[in-house]
Amino acid sequence: MTASAGGSTLPSRYDPAEVEEDIYRLWEEGRYFRARVDCSRPPYTIMMPPPNVTSDLHVGHALNNTLQDVLIRRARMRGFESLWQPGTDHAGIATQRVVEMHLREDRGITRHDLGREEFVRETWRWKEKYEDNIVQQLKRLGASPDWDRIRFTFDDGLSRAVKEVFVRLYERDLIYRGDYLINWCIDCGTALSDIEVEHEDKVGRLYHVRYPLAGSDDHIVVATTRPETILGDTGMAVHPDDGRYSHLIGECAVVPLMDREVPIIADDWVDPDFGTGIVKVTPGHDPNDFEMGLRADLPTIKVIDEDGRMTDDAGMYAGLDREEARERVVEDLKAGGLLERIEEHEHAVGMCYRCDSVVEPLVSKQWFVRMKPLAEPAMQVVRDGKVKFVPERFSRVYLNWMENIRDWCISRPLWWGHQIPAWYCAECGEINVARQEPEECASCAGSELTRDTDVLDTWFSSALWPFSTQGWPDETEEMSYFFPGDVLVTAWDIIPFWVARMIFTSLEFTGEVPFHDVLIHGVVLDPQGRKMSKSLGNGVDPLEVIEDYGADALRFCLLFGNKPGNDMRFHWDRTEAGRNFANKLWNACRFVLMHLDEDDFTPGVPDAEELETEDRWLLTRLHELVETVDDHFTGYQLGEALREIYDFAWSEYCDWYIELVKSRLAGDDSCSRRAALQVLYSGLSAILRLLHPFMPFVTEQMWQAGPESDEQLICAPWPRSEDFPVKSRARYEMQSFMEVIRCIRNLRAEVNVPPSQQVMVQIIAGEEDRQLIGDLQHHIEDMAGVSEVQFLEGTNDRPQQALAGVASDVQVFLPLRGVIDLEREIERLNSNLTEVMTRIEKSRGKLANEDFVQKAPREVVDQERRRLSETESEAEHLKRRLAELQDEG
């Protein structure tokens with residue numbers, strides 16, 4: 001293969017806006033994202049967490065999808081038949097809320113004005129708009145899923161899978177309908193599963209209320225944070241071992257304001273140390289009370305309805321808002337002498353994860369999945385390592401949640417979503433669950449059937465994503481080839497919402513785990529470490545970043561140094577660093593291509609006898625780099641893999657190797673020039689291939705200008721470490737040489753010798769190092785501004801008025817007579833030493849002060865000690881330099 005035009009195809013500067021759209025079109029037209037069943041190749045599958053069709057993507061989506069794209073691009077280059085399954089989620093509650101808000105704000109109507117069918121059509125139109133937006137945003141990011149396979153959790157195929165799962169679970173008695181205490185969001189008008197409730201610590205009030213004892217003038221005192229629920233009390237409870245109240249067990253108390261006698265029961269759940277040790281039992285409005293009520297066969301009274309208003313069972317408070325009712329109840333308790341005291345109390349309050357309003361526990365007829373039988377196998381596959389979390393600590397989060405799991409409330413009183421496939425017979429009351437709408441009741445053959453109006457929790461369909469997208473319940477080629485997946489990339493906060501549910505549904509319906517690895521990433525925070533939010537105005541729009549810096553710079557920012565499971569801060573300077581890195585490589589690529597001879601250059605590694613020390617070193621480092629990057633990928637340390645590539649490309653390749661071979665490229669030795677070019681291009685080719693998954697646009701553009709452009713970089717083979725011969729000796733030699741160069745540069749900088757001024761250096765070294773430095777002396781002269789290198793025989797030959805430095809076992813001296821004004825330099829050093837000694841005395845005085853050492857925070861004292869140690873080292877260095885410059889022999 002030959003180079004096309006010696007670098008002329010690359011403009012002088014890289015402009016992402018000019019190339020990214022064209023490059024993406026090149027990939028799409030070449031169908032490089034396409035995944036096909038090919039049994040001659042191993043499959044690699046990633047299921048995209050389907051973003052909600054509620055709005056545009058945010059920077060968290062950018063992180064999640066960039067991580068997936070890195071993995072799928074590398075898999076492609078390694079020869080896997082790689083499927084990245086894209087799609088979007090109908091997101092029941094969230095989407096219905098935004099569409100209702102849109103109708104209210106833009107048209108002044110509600111969903112009830114439209115009716116169910118028209119509202120659903122309106123929501124489909126919303127979906128089409130935002131799904132298209134999401135796809136275009138992912139393309140701008142460089143995401144490379146198989147767009148021909150895009151799915152939607154509410155499309156026909158997935159709807160069929162949802163019905164199939166519901167019916168089978170119902171037939172296996174794993175789905176049931178019953179009265180149960182649910183979490184109800186009054187603002188959203190829907191039931192919430194336990195994990196959709198977020199508990200926040202809030203300061204409220206604890207009301208100590210007197211309950212008269214039946215048939216007695218005595219009373220007991222009960223503490224409650226919700227006095228309005230007193231109206232629904234059906235019992236009182238004490239701990240069976242609490243000797244203070246054992247005589248009351250079996251007696252009755254009178255509910256204040258309601259004049260209702262209720263039994264006093266014993267239950268192990270009661271905490272004797274909370275409040276007075278006696279609790280009121282309100283089965284209709286508290287989950288723990290509901291369970292106690294079941295155990296003691298207490299009646300359930302619902303005094304708050306789905307709109308947050310008091311029911312008829314609340315007596316004279318009926319019709320009041322729950323907050324108004326609280327105020328009225330407290331006033332009436334005071335008036336009746338039944339309120340003993342009120343005190344501040346911090347407690348956890350359940351909040352809706354969607355709208356952040358207080359959740360109301362209500363008893364309601366709902367559909368549930370019976371979780372215990374499904375949870376145990378799902379826990380076992382994690383314990384056995386068949387599903388692995390990265391980092392491993394998140395397996396404990398998963399197992400802890402699964403061990404304490406409650407039945408899953410799956411019904412939602414919404415219009416947007418999978419309508420529950422259950423029909424109620426008006427004649428016999430039988431529930432008919434079926435895949436298709438039944439014509440008659442299976443029990444009595446009655447024809448008057450009414451379908452349940454509720455829809456399924458949006459996570460019900462999302463739980464089937466890994467296999468429903470591959471054609472299940474049919475046995476398809478895709479299902480047998482691409483399932484189960486290799487890795488799921490997701491945020492930690494949806495482990496119980498989604499990850500757990502995918503695992504147990506997959507095991508139940510396919511007998512397989514849905515994926516083998518779960519890569520957990522953290523949240524993207526602002527530079528101050530705060531969560532991004534509209535209220536703080538600190539959000540980052542990924543599209544704006546792409547407009548200003550390019551997609552590769554954004555991807556670099558999100559990935560560089562990123563560690564699995566850890567939250568990360570978004571830093572604009574890291575985005576700039578990504579852009580600078582792209583420009584650095586761009587210029588390096590232009591330099592390499594400019595020197596390629598289009599007539600006879602052939603990519604490859606030269607024969608061993610043609611290699612110079614720097615060539616052997618670079619090839620060895622390439623071998624080590626590929627191994628290190630592969631190891632990081634194995635552990636999903638993608639941020640560290642990028643850091644390794646960045647450090648190598650910027651420093652070792654651009655700053656060292658390119659500089660080292662410039663003289664050979666300009667020289668007359670054609671063999672040396674050809675070897676340098678081949679190693680130079682081998683390094684560039686490996687860097688572009690390793691970097692491509694992380695920064696796909698700029699690397700593809702550079703690749704297209706090079707000698708291997710007859711194939712696209714997206715499908716070029718991933719580098720193998722064995723392609724680069726290892727010479728450990730060369731690595732040692734170059735490390736020693738580079739330390740000598742750095743030492744000379746540091747000595748020059750210390751006394752401000754300008755770069756253009758040539759200097760002589762003197763060196764004391766052992767025989768081996770002397771031989772190495774002699775062989776590479778021309779590089780030392782070129783790279784350190786050295787006119788002459790003199791070798792000294794031993795420490796007795798140490799020169800006068802020279803700065804000294806050490807590079808490994810090599811002593812380096814920079815004679816300064818005639819190079820700088822020695823008197824002025826000595827004067828400067830003395831001045832600096834005086835200022836440093838003043839700081840030392842001040843710091844020593846502080847640390848000698850017992851009050852400071854004893855009373856100041858420990859970290860402040862430790863910092864002062866570190867500061868003193870550093871300042872003393874600085875003083876020693878200045879004294880050493882003064883001694884060197886004042887030594888006139």
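**Loops, rings and a charged patch**

Reply: Pro484 sits in the loop between α13 and β22 (485-491), where helices (H or I, at least four residues) and strands (E, at least two) are DSSP runs numbered from the N terminus. This is a predicted model, in which local features need pLDDT of at least 70 and side-chain atom pairs count only at pLDDT 80 or more, while totals for chains, interfaces and linings use all residues. Residues are numbered from 1 along each chain as its sequence is written, and side-chain values use heavy atoms, with hydrogens and water left out.

Me: OK, and what kind of peptide bond joins Phe483 and Pro484?

Reply: That bond is cis, with omega about 0 degrees. The peptide bond from Trp472 to Pro473 is also cis, with omega near 20 degrees, and Pro473 is placed in the loop between α12 (465-468) and α13 (477-482).

Me: Switching to phi, what is the value for Ala91, and is the residue buried or exposed?

Reply: Ala91 has a positive phi of about 50 degrees although it is not a glycine, and it is found in the loop between β3 (87-88) and α3 (92-107). Its relative accessibility is 1%, so Ala91 counts as buried (buried means under 20% relative accessible area, exposed over 50%, and partly exposed in between, with a 1.4 Å probe and protein chains only).

Me: Now aromatics: how many pairs are there?

Reply: The structure holds 36 aromatic pairs, where rings of Phe, Tyr and Trp (its six-membered ring) pair if their centres lie within 6.5 Å, and planes under 30 degrees apart count as stacked, over 60 as edge-to-face and the rest as tilted. One of them is Trp124 with Phe152, which is edge-to-face at 5.4 Å centre to centre and 70 degrees between the planes. This pair links distant parts of the chain, with Trp124 in helix α5 (residues 116-141) and Phe152 in strand β4 (residues 151-152), 28 residues apart.

Me: And how exposed are Trp124 and Phe152?

Reply: Trp124 is partly exposed at a relative accessible area of 27%, whereas Phe152 is buried at 3%. In another pair, Tyr646 and Trp650 have ring centres 5.7 Å apart and planes at 35 degrees, so that pair is tilted. Tyr646 and Trp650 both lie in helix α19 (residues 638-666), four residues apart, about one turn of the helix.

Me: Which residues do ring pairs link into a cluster?

Reply: The cluster consists of Phe166, Tyr170, Trp367, Trp408, Phe460 and Phe504.
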